[in-house]
Amino acid sequence: MNNGLRRFRKILVANRGEIACRIIWTCKEMGIGTVAVHSDVDRDSLHVRFADESVCIGPAPSAQSYLNIPAIISAAELFNVDAIHPGYGFLAESAYFAEICEACNIKFIGPKPNLIQLMGEKVEARRAMQNAGVPILPGSPDALTSDEDAIKVAREIGYPVIVKASGGGGGRGMRIVNSEDELGHALETASNEAAAAFKNGDVYIERYVQRPRHIEIQVLADEHGNCVFLGERECSIQRRHQKLLEEAPAPMMTPELRQQMGDTAVAACKAIGYSSAGTFEFLLDEDNKFYFMEMNTRIQVEHPVTEMVTLTDIVRNQIRIAEGEPLGFTQDDVIMVGHAIECRINAENPETFVPSPGKITAFNLPGGPGVRVDTYVYPEYRVPPFYDSLIAKVIVHARTRELAIARMRRALEAMVIEGIKTTIPLHLKIMNDPNFQAGNISTRFLDDFLSTNGNRSAPTASAALTGAAA
């Protein structure tokens, strides 16, 4: 402790894969020791090799390892760490885990547990944002209690509507409803799916926006009341409710709209007393009106595009904020330079999106000016079948969007991953697509793209939900 600050000597990274590597890289630059936790099948992962110390916390199933709170806390105490960085996924948005960390006098690198709880409960988050002056879509003010209640709300806001899970995200527990005849069945199936996925069957209704853009505002807020936004990200290209490609700045964005969305996010942060990194997800309709969708109270997969255009290490700032330091810069210091694109490389069949785990037999990473690759795999590595299929992120930065697209095409052509299938071929096709090149993007983009390119496996029904996906 020094002048009220908590200087971290050692951080435990409660995650795996590329995000664990990413956090460890920054810790090394900051002179902070690291402890990697891993399941028994991840003992050869790069995050284990990069960390100063490591410990196995259980078998492959995440419930017995990366979601095993007693095992993680025991590891933290055994290795005498000052803080835990949860990365994304797993326990990153578990208010209970954050509470346990606090109770054990271990700093959770993220917001306070009550804010994780607030923003994780979608109905409550909508209400909090509405009170903070953030635009929200018309919908039910509370979780629905009956079919009659739902019918009344849907008639008021008009069809189509979307049924959403109050306690979840990622597209689960969502149903688009085009008429009153479909509503009862949609409510039942969405509620059952939400109960199974999130142990909370509460659902609510919003007006459904047909072809929105998914725009995110990255914020950083410290414990001293300072808050800035780091521009926006365009995240409309998604499949099965998960983002596939992101870029910053968003094509077609105007300085005026960026300022309006950013000011709204900053005001919302201050209204709820938020500190740490966070992301506001908005739907932007065809009239350039934006509506709050949800807030992610953690680092996000797509954070590198923001880092590239703002020259800001978001993980470093997360750690400094958790140490109690002020941000050290103001909104006037945030300048977006050039254009960045990120392609998520998943171990999947690029046409069906079926996971493709297995041994990597040939491997080459792209390089050259303006190319960054975040990954945890290497030649002869065996991708396990137990976790998310993301194995790498290719991020490029160039002076203009046109040059960034050309640079990404060059990088993807140089990237070699053999032995398993990956999404590289799909990304190459997208780079060559005239609509993408022109910036004509919405959450329906991939659905239309796959149909045009003869992909019969295009998940039409599910992709229609991506307007509200995380």
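Tutor: First a definition: buried means under 20% relative accessible area, exposed over 50%, and partly exposed in between, with a 1.4 Å probe and protein chains only. This is a predicted model, where local features need pLDDT of at least 70, side-chain atom pairs count only at pLDDT 80 or more, and totals for chains, interfaces and linings use all residues. Residues are numbered from 1 along each chain as its sequence is written, and side-chain values use heavy atoms, with hydrogens and water left out.

Student: OK. Is N288 buried or partly exposed?

Tutor: N288 is partly exposed, at a relative accessible area of 41%. Its phi is near 65°, a positive value in a residue other than glycine.

Student: Where is N288 placed?

Tutor: In the loop between β12 (276-284) and β13 (290-296). Helices (H or I, at least four residues) and strands (E, at least two) are DSSP runs, numbered from the N terminus.

Student: And what about the phi of N105?

Tutor: N105 is not a glycine either, yet has a positive phi of about 60°. The loop between α4 (95-103) and β5 (107-108) holds N105, which is exposed with a relative accessible area of 70%.

Student: Switching to peptide bonds, which residue is joined to P160 by a cis one?

Tutor: Y159, with omega about 0°. P160 sits in the loop between α7 (147-157) and β6 (161-165).

Student: What is omega for A248 and P249?

Tutor: About -5°, in a cis peptide bond. P249 is in the loop between β11 (242-248) and α9 (255-272).
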